[in-house]
Structure formats: C-alpha cells, structure tokens
Amino acid sequence: MRHAIRTAAACLAAALPMVLTTAPPAAAEEPAPRVDLRVLVVDDGGPAVDAITAALHDAGTPYTTVDLADDDRPTVDEDFLGDTVDGRPRARYQGVVLPNENPFGAGSAEMAALAAYEAEFGIRQVDAYTYAGPAVGLEPAQETGYAGPLDGETAQVTDAGRDGPFGYLDGAVPFEDNDPRVDESYGYLAVPLADPPGDASFTSYVDAPVPGGQERGSLVGEYTHDGRSELVVTFVYNRHQQQYRLLARGIVAWLTQGVHLGVDRNHFAVHVDDVFAADDRWHTELNCTPGDVDCGGADDGLETDPIRMTEADAAHAAQWSADRGFTLDMAFNGGGSDLHRSEHGSDPLAARMLADQASHRWINHTYNHLFLGCVQDVTVVPWRCATDDEGQTRWESRALITTQIDNNLSWADRNDLAVDERELVTGEHSGLVTLPQQPRDNPNLAPSLTTTGVTWIASDASREAAQRPLGPALTVPRYPMNIFYNAGRTAEQVDEYNWIYTRRSDGGSGLCEDSPATTTCLDAPLDVSTGYESHIVPLEARIALRHVMGNDPRPHFIHQSNLAEDRIAYPALDRILDDYADLFAGNTPMVSLPMRDIGQEMRQRAAWRAALDAGEVTAHRTGSTVTVDAPAGVRVPLTAPEGTVQRLDGLDGLDDSAPAFGEPYAGLRTGWAEPGGDGRTVLDLPGAPLEPENPDNPQEPDAPREQDPRCLPELLSLLDLLGLLEEVCGLLTPDAQGFREPAGRTEVPAGTTDPVPYGPGDTTVR
C-alpha cells in the first residue's frame, strides 16, 4: 500500500500540482538496492559444488569462489557481501551456493552475516548436498525416510516443481546405474517437518517414493524460513551424471530468480560425412579394413568391398528427417557421384538426394575426399609424413587444396545444390594437426581457406576440443560417434567394436589392456546379433545426451555408410531423440544449428569468457532494470523472464518499440544481446519500475515517466484516500465502471502487475 501511495503521489504531482500544494510533503524513500549479477560459490572441494560451478562456467554466468581449504581466503562478512554505490545499497552477489546449509560451523559469525545478507536483499541460497533433517525443514531421513544408494531409481518433478524452477522437464528424473557393482549416487529421502518452526515452510520440487513406505521423500526442495529461501538438495552428484544435468538448469534459474548472465540450451546436430562417396568395409576375419594403409589392398590379394548409399537409402533419410522433425547435415563429395556416373552411366543416389535436398543441410567435404595434410608415406605401418632430401616435411600443395574445395562447389553449382561456401569439412579433418604423425597444420591450408572464402572448418573434438583460428577461419570441433565409418551392417559394427574393446584373451586387440584410460572396455565380447541394440545403442545415446544436456553446441558426426544397408545409425539417433523427448517438456526443444551458427556460438562464448576473465564486465539489477557493461562489440549472453525487453539505444526507459529480448526457451527467454555503441546493454524485466535510476542524484526521488499506463489506478486510489476526488473530477469522464482514462493515455497491457520494490524478503521473479 505504501508503494501505491508513493507512486500515485508522483503521478499526481505531475498532473495536478495545484492539489498537492495543499498536502504535506511525502518523505523520500531509500533508493532501490543494486544487486550485482554474480554468484558467490563457497567451495568445500566436493563434487556437488563443482557440478554447480561447472554449470555456471559453461553458461557464462560470473561467479566468485571462496575456497574453504584456503587459509588465505577472504572472510565472509558484511563488508565482503555488500557496500554502497552512488548512494544505493549494493549486494555484491545475486545468489549463494554453499556445500550444505552451514559449512562454517555452528555459531559461525560468517554464517550469521550471510543469513542477514540474504534476508536483507532477498538473496537465495543453494545447499548443494546436505543431510535431510530439521535444519533444512525435513524430518530426519534416518528415522522416517531413507538413506542409501539411488542407482536406477526414478524421481519425479512435483506439481510445485513444474510450476516453479523445473517446468522444462517432462516429469521423470532417472538416476543412472551404469555399473551394478558400484554405488554411483547416494542420497536421503525425507518428508517435510510436521511442525515447522515459526512461519517456515518446505516445498518439495523433486521427490521419490520412500522404500518400504507410502510417503514420497524430497530430493530437491525449497525451505523458506527467517526471511530466507534455501534450495535443499539431499543427494550427491557430479557434473557428468544425467540426474544432475537434468536439474542443473532449474537450480541456476531458482538461485538467480530467473535473471542472470549466461545462456544454457540443449544442442544437438549430426553431420553425415562422405555423402555420394563410398566407404571401405571392415573385414571381420582379418580385423582390419582393406583399402586402409594398415590392411593392404589389391597388391596383397585383398579386394575392397565399398559401402555406398542407394536411392532407397536416400529416400529413407528424407522420410526419417520429416518424421522425426530433425535435419541432418550432409557433408558431400561431388567427385564420388561423378565417379559412380562414369562407371555406371547414372547416379540414382545423387538424383534422389538432389530432389530431396531441402530435407537436409549441405556442407562442402571436398571433391574427392583426399588427404590434405602432409604427403603420406604408406610404406610403413602406421604411416608417416614423407620428407624431402633435406629431411623437411613434404606438404600437399596449396593448389591441390584449393582445387578440392572449389571443384566441389562447382559440382554443387552444376547440380543446383544450395551450399554455404564458408563451411568446410576436409577428409579425415586432414590438413589440421594429426598426431602423432603430423604435429602441426599443413602451412598451405590457411592460404587456401583465404582463397576459397572458408571461415568455418571442422575439426575432431576427440583430438582438439577447443575452437581455434586457422588463417581466416575458426575450427568447429565435432564429436565422433562410436558408429564406425567402415560398417554398413550391424554384425560388422559389433565385430569391430569387440576387436577394439575386448582383451587379447577374448580375441580382441588389447587396447583396453594397453590404455587404462579407455572407459568403454568390455568385460566380455558382445553378442554379434544382439550387442548393438543392447549395449552400443544405449551407450552412444547416453554419451550424446551428456553432451546435449551439458550446454555443449559441438556437433556429432557419422558417415554415409551408417545410413546404408542395415542403416545402423537410425537406432542410435532414434534412441537419443526418444530419450530426450521422455525427459524434457515441449518448451525445451533440442537446438540444431547449422555449422556456421555453431561456430559463431563458440566464438561468442570465447569472447565473453575472455571479457569475464579480464574483469571487463559489470552487471547489476536495480529493481526491474538490468544493466550490463562489457567491451564494445562483445555480445552479452542473458537469461530473463518472459516479457523482458531490451531498451533501444538512446532511450532512458520503456518504449512501445523496444524489442522483446531473446527467444523463449525452457520457460524463460535466453539469447545474446547486441550491446549499444558504448558497450552497454539495458533490459527491462516484467513489471519494470516506474522510476529509472538517477545517477546524478541517487538520493533524490526520480521523476515519473510520462503517461505511465499504471499511473491512473494509483492516482485514483490516492484521490479517494485524500477525499479530493471532487476537486479533480473534471479531469476524468465516467464510463461503465465509473471512470476511464483521459484521452491519449495508453491502455494498461493485459497481465501487467504493479511492481514490488526489490528489497528485503522480496524473492519473487517479476
């Protein structure tokens, strides 16, 4: 009510100065506090805090870490947590992550300071992993609930969780059970206190049935007490586990009240290499691939048995994409089609794919899929880089590389195939570093990229996970899926898988014995007829979904051979898409970007991370206004509620033409804001305050915006309260409800609510 009177008084002062001269002056209120958009992380070195920190880092959300094991760490006290800037109280942190509800110990002055800070500024706290007991609003887990392993259990998002921070999930939160011999996740299930102290309350967001009972115990819930809110998590996890990845977005959104720097989306793109070409086939008896340098060829009496898609395979690919609503990126070699046509007179595969070209995206994979790095000496196994008489590495020429790129684009032009010439995938990612044989890039590659206009070149994420520059281009690291290029049939895939991942005593290569770091080793060979569906498909789906849910934009890649014959790629892709659909709500779709946009996403992230690391970013929220200052030209990743708008350059406040910020995703709006010329980005959240900031005199109440659509209701309330309605009734004309707004005043938008001061106890996203 006090806010309504203050707002109405400001409106009345602007419209009716003769009335206010008879009323006593209103007392000035303290300006709204400033809350910096930065998270405080108190770290005990455990996996739960590490997992939340990783989510903040990957999204680009600024945070400050206090290491409890560091003897020289700062003391968490009033001065550390806040101060005053330009006459406004400032909260340095918009959220607090703790290892548990009190990592400082009973009676700690630091915990007391933190609790007072959270209550004063409405700051939320996440207890990353804690025991379920009365200290966090729950009955003791050991007495009425459950304490133990949760492997293989399926938790559920509650109705409150769907309406709150976890509305992007479909409901189920399955816990991994990757190894039945190991307890992978431990936790506590407990019900809220039957008689909580004072006005405290506990709301469960994620729960599971208590074994042996009728109750459901909380695993994630909100404990509100003493003017504070804690998100209580009662199971342990690490940054890679699926159950955590499902909940990470909601934990951060709850912590930051839906407003923070950084973007988190679920990305999935699949590149299909060698389209129109043919891939050599794995030999199940020789355990190698005829045609490869380590297996021999015609000179050794071995004939290759190439795998190439057919017209029917092409039609199936287009239909599958339409049925699944998922676009594949076809990396094509036009020379493969020309070769097939020269040998057979026509190429039905190319004809079908060209007719269906709109079903896919297309990427230049060079004309003949040649190796474009060093000149290979294949007289030895493994091959090595050939050298000249002076011992210098011989490189494939600039002319060869340029011709391979240009000829493939010319093939596309002749066949009216739309392709972006800026994107390139070289054969086997050749030309880039190829360890151990080729420790540096082909020096002729970068000049060829300049000549041909390439700005995005694919690299192998298993070799180089980070993006890096190469002449005029940036790399786009791609994840290889463990569905082999030389397998068109399920039996070939399983046989090669067994060779690679079983012991020598089981008939395998012994790679697992020689490389302990390998994590996909088998206890025994897979059954050739069932092993693909029972083991390889779910494992590949789990690995891919880990990338998808890890806010990782890097694409995955397979080969055209996997869309031919037994079409072994589809079971894995279907499993990924189906599992995703079972986990996420419709408001959180997979984001499948073309290669250039993936590269741009990675470039923007790198520029943003560099600005953060250099201390060149400041951001804060004052009331419902968010202000970000960053280096000019650096785009700003932001997450905010629906209804958020970005101010246009030169505007001091809301304007009808101000564009909506970002795109809807997972119940919020996310995106990269284009800053103004001075590097400043200003957004107004839903229910933006009536007063803009007044940097010239922050102690003085700011003037109201002209003709604010919420002004009249507040004005009428004040007039009624002061008994002055008759004195100003000439300014108003009656309508069916008794009054209507003066001519020329904008109508109150549907759903508009009166803003609440952002201060003590106000923890509602508005």
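## A helix across an open sheet

Helix α18 (residues 595–613) lies across β15, β28 (636–640) and β31, at about 80° to β31. Here contact means heavy atoms within 4.5 Å, and axes are lines fitted to C-alpha atoms, for helices over the stretch in contact, with angles from 0 to 180 degrees between N-to-C directions. Helices (H or I, at least four residues) and strands (E, at least two) are DSSP runs, numbered from the N terminus. This is a predicted model, where local features need pLDDT of at least 70 and side-chain atom pairs count only at pLDDT 80 or more, while totals for chains, interfaces and linings use all residues. Residues are numbered from 1 along each chain as its sequence is written, and side-chain values use heavy atoms, leaving out hydrogens and water.

The open sheet has 4 strands in the order β15-β28-β31-β30, paired antiparallel (pairing takes at least two DSSP bridges between two strands). β15 (260–261) and β30 (663–665) stand at the edges with a single partner strand each, so one side of each lacks a neighbour in the sheet. Between β30 and β31 (residues 668–673) there are 3 bridges, and Glu663 has Thr670 as its bridge partner in β31.

## Rings around Trp362

Phe276 and Trp362 have ring centres 6.0 Å apart and planes at 15°, so they are stacked (rings of Phe, Tyr and Trp, its six-membered ring, pair with centres within 6.5 Å; planes under 30 degrees apart are stacked, over 60 edge-to-face, the rest tilted). Phe276 and Trp362 are both buried, meaning under 20% relative accessible area, with exposed over 50% and partly exposed in between (1.4 Å probe, protein chains only).

Phe332 also pairs with Trp362, edge-to-face, at 6.1 Å centre to centre and 70° between the planes.
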